[in-house]
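Please look through the sequence and the model first, then read the points below.

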Amino acid sequence: MSELILQVEDLTVSFDGFKAVDSLNFYVEKDELRCVIGPNGAGKTTLLDMICGKTKPTGGTIKFKHRDLAEMIEYQITRMGVGRKFQNPSVYEDLSVFENLEISYPRKRGVLGSLFFRREDEMFRKIDEVAQQIFLGDVLRHKAGQLSHGQKQWLEIGMLLMQDPELLLLDEPVAGMSAKEREQTAVLLNGISKGRSIVVIEHDMAFVRMIAHKVTVLHQGKLLAEGSMDEVQSDERVKDVYLGH
Amino acid sequence: MSRNQVSGSPGTGARAALASLRQNRSFLEKYSFVILCVLILVALPLTFDTFRLGLAAKFLSLGFCAVGIVLIWGYGGILSLGQGVFFGLGSYMMAMFLKLESTNSGSSAQALSSFFGSNLPDFMAWNSVEELPWWWEPFHSVWFTLPAIVLLPAVFAFILAYANFRKRVGGVYFSIITLALSAIMSIVIIGQQGVTGGVNGINDFRTFLGIDLDTDEVKRYMYFITCGLLLASVLIGRFILRSRLGKVLVAIRDREDRVRFSGYDPALFKAFIFAIAAVFSSIGGALFTIQVGLASPSLVSIVPSVEMVIYAAVGGRLSLVGAVYGAVLVGSAKTFFSENFVEYWMYFIGVLFIVVVMFLPDGLAGLLQRLQSRKSASGSTTETRLANESGGAK
């Protein structure tokens, strides 16, 4: 077994008594591409929210690279190497694609550092590289607000790539994409999973099959099953709550 | 896969994109600053007499606040209804210095002090204050006063803003806090008449470092100093907005939550820009007091603070240069109204604000921009489109 990058143990969060995530254990290895599936309300997004610091857990621990994230807030967790893509594409619509990527370049993120930041060769190189990867090389000058829904999804993934995270958390990255765009995204994710770990929440089973190394099924905040796509799909309990409807 | 048109050295595609973003700056963005320079440094001094130039200087002093409001409101998304507080800090610090200077020199002052048997500013003597309060003492020194006008509001604004933004108090709640602050400041000043001059403010000073402020020549100089500092503020603002920090501000304004996940601490950025705007306001206040000869609680309370926001709204809340025009135009309108129909001024400014918000959300600057792009669009629609496309595919 290779080294663990993320260890989530006994994680619990309750909103007004409702346990969205309930005593969950969840481990991700280095270089792994994990898919998390489950019916609506299973706690998938809440799990990602807690890992990246958006929601504070009520109990349990989250360790990233063996460091406890409990005392850290969002930007500190981000700087440690966790990148988060949200369910609705969250890009800076009033800035150009270039500027969206530029902001995400992980240097000089203090006030004075960013005020006197001089654009460096390395950053241009990186922006070019990422823009090609996310199929947006031609539209760097356009405002992010003018992009199509699918392109915004790609741009947000690109913003994460600029940050060079060791752990990527992607919430429904192919929602609203055409079949062709989904295929391109699968290629993209397979390409970027080398050298980093990725957790993907997705409903589209065909897409999950294209990318997943391992699948985790959540149900009512608890772990229901975990294993390869085939194992999970043949699991009777999973069929009951999710796949068979 | 997208075609890889970038066959040169790595990074060329990104560089080309940046260059074309720069090229696409409109005529207004490129030349508005130069036009403003010509207007206030050449045109106004040549056409206005000293009295009108003095009025212009007064509005330009208020323009500092409007420039700051463009930074914090237009780009940072922080609506402050308390910029009068910082204007007042600068104004009162300058007034304290001038008052102490004129108390310690000049014949009328000596007559007064011999009459009251003390060397206190006149209003203190009238209020039977017997000793100069300790916090007045440092303002004997110009070398304390001038740095304090810049630093004190900066520190105060930064701490206030950071304490709130760190706890994620923002939006309307922060606006209400600033509103309350300006009310508190004017109440304190009016209430502590003995040491602040109360509702009359602090006035009646004639010299600054021994220079008589009442001569035409000095008034002209002061006008040019005001212009110079105001233009410098606009340039500093522009430098900030064009830096990486400026882009982060826009990102915070539009999606503060997302910015945290790009690895930034939004509270720090918002507090920084709030402090900058406070410094601008304070400098404006100090210049106002030198030229108008008055520091008054009526300039720090809610009404002037809201008026400052209206200056920025009329000029265009995304335009630093527009803010200056907004301050001068609305300020002139106010003078006109209060000379002729005092009681209608408040209604007028209310209507003006509603009209701007409803029909001109980007103010005069936005209106010009729209007119211009319509003109260029009708002239060369296909041309620009082709240029854009070939630019993208190059």
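The model is predicted.

**Chain A overall**

- Chain A contains 10 helices and 10 strands.
- Its radius of gyration is 18 Å, close to the 18 Å given by the globule rule for 245 residues, so chain A is as compact as a globular protein of that length.
- Along the principal axes, the C-alpha atoms of chain A fill a box of roughly 55 × 40 × 35 Å.
- Of the 245 residues in chain A, 50% are buried.
- Taking the contacts in chain A between residues at least 6 apart in sequence, 68% join residues at least 24 apart.

**A sheet in chain A**

- Strands of a sheet pair through backbone hydrogen bonds, in either a parallel or an antiparallel way.
- In chain A, four strands form an open sheet in the order 2-1-4-5, and the pairing is antiparallel.
- Strand 2 (18–29) and strand 5 (67–68) of chain A are the edge strands, each pairing on one side only.
- Two bridges join strand 4 (residues 59–64) of chain A to strand 5 of chain A in the antiparallel sense.
- Phe64(A) has Arg67(A), in strand 5 of chain A, as its bridge partner.
- Helix 1 (residues 44–52) of chain A packs on this sheet and touches strand 1 (4–15), strand 2 and strand 4 of chain A.
- The direction of helix 1 of chain A makes about 65° with that of strand 2 of chain A.

**A helix pair in chain B**

- Helix 3 (residues 50–75) and helix 13 (residues 302–315) of chain B have axes that come within 8 Å and cross at roughly 70°.
- Helix 3 of chain B is therefore roughly perpendicular to helix 13 of chain B.
- Helix 3 of chain B contributes Leu62(B), Cys65(B), Ala66(B), Ile69(B), Val70(B) and Trp73(B) to the contact.
- From helix 13 of chain B come Met308(B), Val309(B), Tyr311(B), Ala312(B) and Gly315(B).
- By class, this contact of helix 3 with helix 13 of chain B has 10 nonpolar residues, one polar residue and no charged residues.

**Where chains A and B touch**

- The contact takes 38 residues from chain A and 35 residues from chain B.
- On the side of chain B that touches chain A, helix 1 (12–23), helix 11 (244–260), helix 12 (266–292) and helix 16 (363–393) of chain B each supply at least two residues.
- Helix 11 of chain B gives the largest share of that side, 10 residues.
- The side of chain B that touches chain A has, by class, 18 nonpolar, nine polar and eight charged residues.

Technical notes
Residues numbered from 1 in each chain as written. Chains lettered and ligands numbered in written order. Predicted model: local features only at pLDDT ≥ 70, side-chain atom pairs only at ≥ 80, totals over all residues. Rg over C-alpha atoms; globule rule 2.2 N^0.38 Å. Buried ≥ 20, exposed ≤ 12 C-beta atoms within 10 Å, placed from the backbone. Contact = placed C-beta atoms within 7 Å. Axes fitted to C-alpha atoms, helices over the stretch in contact; angles between N-to-C directions. Parallel < 35°, antiparallel > 145°, perpendicular 65-115°, else oblique. Nonpolar A, V, L, I, M, F, W, Y, C, P; charged D, E, K, R; others polar. Pairing = 2+ DSSP bridges.
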